[in-house]
Structure formats: structure tokens, C-alpha cells
Amino acid sequence: MATAAAHRAGGTLTHGAADTIGATDTQQRAFDAAVAADERIEPRDWMPDGYRATLVRQIAQHAHSEIIGMQPEANWITRAPSLRRKAILMAKVQDEAGHGLYLYSAAETLGVSRQELLDKLHSGRQKYSSIFNYPTLTWADVGAIGWLVDGAAITNQVPLCRCSYGPYARAMVRICKEESFHQRQGYELLMTLSHGTPEQHAMAQDAVNRWWWPSLMMFGPPDDASQHSAQSMAWKIKRHSNDELRQRFVDICVPQAEALGLTLPDPDLKWNEERGHYDFGPIDWDEFWQVIKGNGPCNEQRLNQRRRAHEEGAWVREAAAAYAAKHGTRPASAPTDDLTAAVGGSTEGEQA
Amino acid sequence: MTATVPTTAALALGDDALVLSHRLAEWTGHAPVLEEEVALVNIALDLLGQARFLLSMVGDEDELAYLRQERAFTNLQLVEQPNGDFAHTIARQLYFSAYQHLLYGQLAEGDGPFAPLAGKAVHEVAYHRDHAEQWTLRLGDGTEVSHERMQRACEALWRYTGEMFQPVEGLDVDWAALEAAWLDTVGDVLRRATLTLPEGPRRGAWSAGAGRQGLHTEPFGRMLAEMQHLHRSHPGASW
């Protein structure tokens, strides 16, 4: 998800003259013309260094978000209250791991390795979406994440299907299809709770109360505080501003909340006839920046779990590499044809 | 399907799949590589699908999964064993998937009530077995550390393997042939993985009756407490 975390991560990005060092005017002109004509930039095409760096940062942070985002939901797999819900949740978390894999592959087309990116995640040099630093405290949180968090992600990501970088755009087409499915399932979960027992209804309302504002923060800082937005929009990586997307999301959610029989925790939320949009209350940007800086409720826990899984798995990866060296096969950490087939594979020619 | 549902057998097979699925799902977010996040939960999902089908042959799947006490579950003790390290999980999977593959292969060839399920599931299980086999080879014949861990895991779980071949009422299976084929299969994989087939007993006083009779190991109760807690906290609710 392209949240403000992307814009704060990295820091090595340089704009302007440095981008064109070593590039001929012809290369730059060809790139500019391709972007202007809404053509796709492909891995072998020349591209400005700043464009490459921005994409690496954004795609990596997107991939990291999928991987870290497995944790808050996996927190409820072993406690899912019915076998049907358990199966749905497991399938969803499996999809997220798959999305992480597509996105790391897309990033790798830009000349970085998954290992490098994971190292940066583990050392805190690259970020993931701030939303995953909030805890899942009840079963209803699984529904709220599906409805609101996946809903915000889709609002952010659908325009990325037209992003100027081909591999990223194609990955997003595939990811958005699956995300839409997850979002409907989350909505349906909340609907069931909302119309269930009084305890279930209260559980659903409490979850929405806790996830509403953090979901609005997923669109990143307000436009006047968003550092990289203008350049990303000029490069057609980004198609709409943070505030535009946030407004679109609010407009979609209000009637959905009504249909659910749940309220949104914002006393200022009301229809503005003149604007043709819902007005909504102020976002707590202090909280947002605190979470981005690592001081959210679960930052420490999320990163520690990720690091621990990686460290505790080192001997397994080493074994696979040693076996591959002895037997001349690919290491097991490289996707095999069998595994691809087993997880549904790529049948639509959209893989990054 | 025959007129009477072979309840004992459906519960035994369904509980095996349900419990192992749960254990595998505990790996989510903790796997050594991303591909294994996908693979382990993929296997867990297959097993959960089998469990739902089998439990539904007997009654309401959720009632059976969430409202039975520990003593009423008839899964093998093998599948309830905690995940341990990755080698433990792989050894458990190798032992069980080799068994399930052979068992479902036999059931699929018959015309009993489990033939339709077994015919479909045997393909999933073939993948599970291959996955476990490939990792057994990599860990056994990888580094010194991985070899030692894999050997230890194979030995630690060996004692739970005899139970798989105790006849289950309602399953028309040649158990002796199944056991012989299983020993061949597992022995062959371990040999290729440069591992030694464990020599300890595979059934004994510790397993008297064992899981199929509702006698479980200590970690199982705690697993059920976690699995059933939410469902039991809201009696009669739908989800």
C-alpha cells in the first residue's frame, strides 16, 4: 500500500540533475515521451535513477506491508470461531504471502534482490504500512481489516494498475482482484456479527471504532505535507493525490456502514451537498507520525516477529543452499514449478 | 454412500486432518522463507477441507470441532504434536502424509463411503508428501546442523507412528500391507536423505489405546483450549 510510510522511507532518493547523469538527452526524451503517451516502462528500458529509486522504495514497502500484514490476521487463525471462517482467513493470509512474492519479483526487475529488501525491512531502513502496527483484539477486527483496511488498500491500488512501470502495474491487476474478494469477505463477516447476538454486534462496532481512523491514515499525510507526491504524479507512478483518494474512500464507506447497521466514529461526518462529498473530522496526525516513527502499539512486536522468523529459519535456508550446491538443483527458497502449480500458479499472464 | 455413516472412521480421519491443519496454520508468519508461508498454509487448507467434508458426514462440523472435549477426539497422537522446529514439522508431515497417501490410495480404489473423498484428496496428499520428502532430503543432506536436527526430529516422533496402523472400525483396509508399504516409503526417503531409520519402539505402554481411543498427549488440551475458546464463549451464535 502506498502510504506516507513510503514517502518517509529510504531517504537516498535524489531528484533533479542527478537523475540524468550519464543519460543522453535522447534517452530522457524517449522516457518522457513514453510516460506522456501512457506507455508502460519495462525493465530493459532506460529510466531516470530517481524513477528507479522511487519505484524500488514504493514496491518494496508494498511487499513488506503484505508480509507484515499477515501477522495481525494470523493472530486469529487458531481462534477462528467456525471452520468456514477459519478456511477463509487461512486462504486470505496465504494470498498475502503470494502478493508479497509477486511484489518482491516486481522490485527485482529494477535490479535489487529480495534479500537486500528483506535486510532493509529487518533493520528498519524500509517501512511497511503503518496500519499493521495496530493490534487485532477481537474476532471482529478480522472483519474490520477486510472491510476497511483492504478497502483503503484497494482504493489506493486500483489506480496503480495503470502505473507507468509495467511489472508493478501488472502485479497490481492481479493483487486487486484478490483484494476485492477479501474485502467482500470482511464486509460479510461484519454483516454477520452486526446482525448476530448483542455481544457480536458490540464486538463489530468496537472493531470499526478502532480501525476507522487508522484506515484513513493509510492514504498518507495531507497533500500539503506529502513530499514525493508531485514527482510521483509527474512520473505517473501515482495517479491521484492522498487527499483525493482518502475522500473517495470516505464516500464509499459511509453508505456501506449504514448498510452494515454500524456507525463510524466521527461526529463531524456529514454529507456536503455543495461539494458532493462527505465532510469528515480532523485526523490525528500526531498519532500518524508517531506510528510511522516506530512508536505505534505493535511496531516493536511486528518487526521482532519478522526478524525472529528470519533468524530462526536461517539454518533451513542454509540447508537448502547446501543441498542445492551438492545436487545441482535450485535452492528450495526459489519458487519451483511444483510449488507455483500448488498455490494456484499464474494462469493469466499477468505475473510481474 | 452406504446407508449407515461409518461414524468412527469418519471422525478418526476427520480429526487427523483437523488437528494437523491447526498445527500447520500455527506456522503462519513464522516460516523460514516466504515460499514456505505459502506452502504450509496451503497444506493446512487442504487438510481443513478434508476435515470439513469428513466431519460433515457425521454431523455439524462446527459442533464436532468446537464442542467436543479432548477425550472425545480420536485423532492420532502424531498429528497433535507441537510444531517444534522446522525439522519436527517436516518429520511429522513426512510420516503422516506418507500414511495418508497410502491409506487414501487404498480407499480410493474401493467402493466404500470414503472412496469419493479419497479419490480427490489423494492428489492433494501426493503434493503434501512430495513437499515433506523434498524438505527431508534438503535438511537431511544439507548442512551438519540440519542433518542433526532432522535426525533428531525423526527419532522424537517415531514413537507415535505405530498407532497409524491400528485398524479403524469402518475402514476396509489391509493394515499390515499399509504398514509394510509405509515403512518402505519412509525408509527410502530417509536413506536418500542420508538419515538413519529410527530403531525405537513404535507402540508401547505410553500409547496404550492412544489417540484413536481419545487418549491424548498433554499439549493437545492446550491446543483445543485456544481453538475452541471463542466459539464456546458465544453459545448458539452464528459466525
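This is a predicted model: local features need pLDDT of at least 70, side-chain atom pairs count only at pLDDT 80 or more; totals for chains, interfaces and linings use all residues.
Reader: Which helices of chain A each supply at least two residues of the lining of the largest cavity?

Author: The largest cavity has a volume of about 110 Å³. Its lining includes Arg85(A), Ile88(A), Val142(A), Gly146(A), His182(A) and Gln185(A). The helices that each supply at least two lining residues are H5 (83-108), H7 (140-157) and H8 (166-194).

Reader: How many nonpolar, polar and charged residues does the lining of the largest cavity have?

Author: Among the lining residues are Leu89(A), Trp139(A), Glu73(A) and Lys92(A). By class, the lining comprises 5 nonpolar, 4 polar and 3 charged residues.

Reader: Why does the salt bridge of Arg114(A) and Glu35(B) join two chains?

Author: The side chains of Arg114(A) and Glu35(B) meet at 2.5 Å, N to O. Arg114(A) lies in helix H6 (residues 114-122) of chain A and Glu35(B) in helix H2 (residues 34-58) of chain B, so the pair joins two chains.

Reader: How many residues apart in sequence are the parts that Arg210(A) and Asp141(A) tie together?

Author: Arg210(A) forms a salt bridge with Asp141(A), with the closest N and O atoms 2.7 Å apart. Arg210(A) belongs to helix H9 (residues 198-217) and Asp141(A) to helix H7 of chain A, so the pair ties together parts that are 69 residues apart.

Reader: Is Asp141(A) buried or exposed?

Author: Its partner Arg210(A) is partly exposed, with a relative accessible area of 25%. Buried means under 20% relative accessible area. Asp141(A) has a relative accessible area of 0%, and is therefore buried.

How values were computed. Residues are numbered from 1 along each chain as its sequence is written. Chains are lettered from A and ligands numbered from 1 in the order in which they are written. Side-chain values use heavy atoms; hydrogens and water are left out. On a 1 Å grid over the protein atoms alone, a cavity is a set of points where a 1.4 Å probe fits but cannot get out, and a pocket is an open set with protein on both sides within 12 Å along at least five of seven lines; lining residues have an atom within 4 Å of a point. Grid points are joined across faces, edges and corners, and a volume is the space filled by probe spheres set on the points. Helices (H or I, at least four residues) and strands (E, at least two) are DSSP runs, numbered from the N terminus. Ala, Val, Leu, Ile, Met, Phe, Trp, Tyr, Cys and Pro count as nonpolar, Asp, Glu, Lys and Arg as charged, and the others, Gly among them, as polar. A salt bridge is a side-chain nitrogen of Lys or Arg within 4 Å of a carboxyl oxygen of Asp or Glu. Buried means under 20% relative accessible area, exposed over 50%, partly exposed in between (1.4 Å probe, protein chains only).
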